[in-house]
Amino acid sequence: MTLAKFPRVRLGHLPTPLEPMDRLSEALGGPRFWVKRDDCTGLSSGGNKTRKLEYLMADAQAQGADTIITQGATQSNHARQTAAAAAKLGMACHILLEDRTGSTDSSYTFNGNVLMDRLHGATVSKRGDGTDMNAEMEMLAETLLLAGRSPYIIPGGGSNPIGALGYVNCARELAEQAAHVGLKIDALVHATGSSGTQAGLVAGLAAIRSDMHLLGIGVRAPQEKQEHMVYDLAQRTADYLGTGLRIDRHQVRANCDYVGPGYGMPTDGMKTAVKLLARTEGLLFDPVYSGKGLDGLINLVGNGYFGHMENVVFLHTGGSAALFGYPDTFDLPGYTE
């Protein structure tokens, strides 16, 4: 597997740590749990999108772009990290945010990731739920071209074959870390949404011929749609790599039972999971992606899904900034006298 042939700009603190979560393991009574700390990538408080942006921003530079356009939901971690990457590289950034929850709470609409988008100097505009966001980005790009700019469009989540290279590399990195400490990883679990992280991992694990069990916990789409998106992008990523590999459809797994009422909408399981990790491991997880991924992980432990396994890694995709967009979600006590 040769990633060196693809342009890449270093934005993240890599490799990210691989750490045991022994208090969580004790609390759940399952296999030994580990966490891959992609919340520690460094760029604008970290997160999984930084890995993707190392390749996407390098491609933008190679094409002579001076302006980045991307889109996401209101509390988009991807938008925050893209705005930061553009600032670091001296590019303008335009972010289109789709309202997928209908919330008018000012904490949700102006705090958290939205606040950080603006701090990084991005131009932020909003669109209604169900908007064709790809078409909106294309129209904005045409306007910017007429104004003499050179725009580069990054899809939502950075999820295309270029962005997925970041998680092809992560698969290699994780395998090397595990080998260095003599750890056999039985399963890798993570939240899956726009599909780029999981697709990159699928392609990367296939390229290194790993038998690691990969499971995505869906945060938005139904299972069939989610798995189709991941499989399609994983195969396109393998083709882009030039590996000649055919992706095994059976290696694409998504459990989408923990979405709840909709994308970005809190669930009781997510709230319980986020508080549990904060109070057992001192780790902060976000309410949109990793929190629902953890809910799935915890519930599956109780159902015996990992019963035959010894070591399970949860990929922490970052996003704790979004907690500040949901201040009343966790029913936390006030001050004591």
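**Loops, rings and helix packing**

Modeller: Ser195 is placed in the loop that runs between strand E7 (187-192) and helix H8 (196-207), where helices (H or I, at least four residues) and strands (E, at least two) are DSSP runs numbered from the N terminus. This is a predicted model, in which local features need pLDDT of at least 70 and side-chain atom pairs count only at pLDDT 80 or more, while totals for chains, interfaces and linings use all residues. Residues are numbered from 1 along each chain as its sequence is written, and side-chain values use heavy atoms, with hydrogens and water left out.

Colleague: Is Ser195 buried or exposed, and what is its phi?

Modeller: Buried means under 20% relative accessible area, exposed over 50%, and partly exposed in between (1.4 Å probe, protein chains only). Ser195 has a relative accessible area of 6%, so Ser195 is buried. Most residues other than glycine have a negative phi. Ser195 is not a glycine, yet its phi is positive, at about 95 degrees.

Colleague: Which residues are in contact with Cys40, leaving aside neighbours within four places in sequence?

Modeller: Cys40 lies in the loop between strand E2 (32-37) and helix H2 (49-62), and with 27% relative accessibility it counts as partly exposed. Once neighbours within four places in sequence are set aside, the residues in contact with Cys40 are His13, Thr16 and Pro17.

Colleague: At what angle do helix H7 (residues 161-180) and helix H9 (residues 223-241) pack, and which residues make the contact?

Modeller: Axes are lines fitted to C-alpha atoms, for helices over the stretch in contact, and angles run from 0 to 180 degrees between N-to-C directions; under 35 degrees counts as roughly parallel, over 145 as roughly antiparallel, 65 to 115 as roughly perpendicular and the rest as oblique. The axes of H7 and H9 are 9 Å apart and the angle is about 85 degrees, so the two helices are roughly perpendicular to each other. The contact is made by Pro161, Ile162, Ala164, Leu165 and Val168 of H7 and by Leu233, Arg236, Thr237, Tyr240 and Leu241 of H9.

Colleague: How are the rings of Tyr305 and Phe306 arranged?

Modeller: Rings of Phe, Tyr and Trp (its six-membered ring) pair if their centres lie within 6.5 Å, with planes under 30 degrees apart counted as stacked, over 60 as edge-to-face and the rest as tilted. The structure holds five aromatic pairs. The centres of the Tyr305 and Phe306 rings are 5.0 Å apart and their planes are at 75 degrees, so this pair is edge-to-face.

Methods: Contact means heavy atoms within 4.5 Å.
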